[in-house]
Amino acid sequence: MSEDPSFGPPVGGAAPMVIVNGEAGGTLPTSDRGLYYGDGLFETVAVHNGRPEFWDRHMARLREGCTRLGLPCVDVDALARETEVLCKRAGVRKGVARVRKGVARGVLKIIISRGSGGRGYRTPETVHPTRMVSLHPWPEIPEGNLAGGVRVRLCDLRLGHQPALAGIKHLNRLESVLARREWDDPDIAEGLLCDGDGLVVAGTMSNLFLVKGGRLRTPDLSRCGVAGIIRAVVWEIAETRGIPFEVADIPVAEARESQELFLTNSVIGIWPVREFDGKAYAVGPVTRELMEDLERRRALETA
């Protein structure tokens, strides 16, 4: 869903490989509106077997974001070529991709900004977007996060409603940054965020699902939050499996009272929640079923 998880330094301390506007090792101009105003979008894509997962879905969301922000249509073909260049190098350049059980993995980040356009909020008449693609090492994710679940807390920060930006991955993630500063306990993997009405929206870097009475529910993101790629895949799996599913307004009390909780994003896949603000949860049958199906789909994406 959101920005790359903060799991510690890159493997081997390696710097990411970057292509800016087609130039390998290129740099971002200091006048770029993405830097000045957060005027742009990004995607975080898991790479497995040297291939990006759910590429078409990421590109569809990126195109939607461009339309919503009034940016020129993203050059998907150029992004695909640059991604291929980086992914081909991932398995051979030491430290760039982590090799686990013989399989090269990495995390691809794509940034599209409105480019340079002078000072002031008014957008330039002629837009020359900045396109940046970078490949990062696969993060060190504790094995127990999948097997036994993670601890989660409730953040004090409240998300503001802005339907014009809801759902897309725009570059201004200050709400998530401030929320993530609220704790430094390494045993707490994620913080959940509410809006001003006290409804649970998402994690700082993830989407939330809950299970109660065999029914799967996830927060409505029409007012704020990011519509994650894995969130949509889980929704489809639930439909295929015949698991009752709904998008709804979810008060904190309902989340606490649920029988199962889990988190999703493109890097972590599904993380079961084992504890939320002191209450313990089992990794239940619905969560396990969805985890197994998701892993099969991810494997097919990069086979």
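What share of the contacts in the chain with a separation of 6 or more comes from residues 24 or more positions apart? The figure is 76%. Keep that in mind while looking over this predicted model.

Start with the overall build. The chain holds 8 helices and 16 strands. Its C-alpha trace spans about 55 × 45 × 40 Å along the principal axes. A compact globule of 303 residues would have a radius of gyration near 19 Å. The chain has 19 Å, so it agrees with that expectation.

Of the 303 residues in the chain, 51% are buried. The chain exposes about 13,900 Å².

Now the charges. The chain carries 40 positive and 40 negative charges. Their mean positions lie 3 Å apart.

Two loop residues deserve a look at the backbone. Most residues other than glycine have a negative phi. Asn-21 has a positive one, near 50 degrees. Asn-21 sits in the loop between strand E1 (17-20) and strand E2 (23-24). Its relative accessible area is 42%. That value falls between the 20% and 50% cut-offs, so Asn-21 counts as partly exposed.

Look in the loop that links strand E15 (269-276) to strand E16 (279-280). Asp-277 has a relative accessible area of 37%, so this residue is partly exposed.

Technical notes:
Residues are numbered from 1 along each chain as its sequence is written. This is a predicted model: local features need pLDDT of at least 70, side-chain atom pairs count only at pLDDT 80 or more; totals for chains, interfaces and linings use all residues. Side-chain values use heavy atoms; hydrogens and water are left out. Helices (H or I, at least four residues) and strands (E, at least two) are DSSP runs, numbered from the N terminus. The radius of gyration is taken over C-alpha atoms; the globule rule is 2.2 Å times the number of residues to the power 0.38. Buried means under 20% relative accessible area, exposed over 50%, partly exposed in between (1.4 Å probe, protein chains only). Contact means heavy atoms within 4.5 Å. Accessible areas come from the Shrake-Rupley method with a 1.4 Å probe; for residues, only the protein chains shown count as cover. Lys and Arg count as positive and Asp and Glu as negative; His and the chain ends are not counted. The place of a charge is taken as NZ of Lys, CZ of Arg, CG of Asp or CD of Glu.
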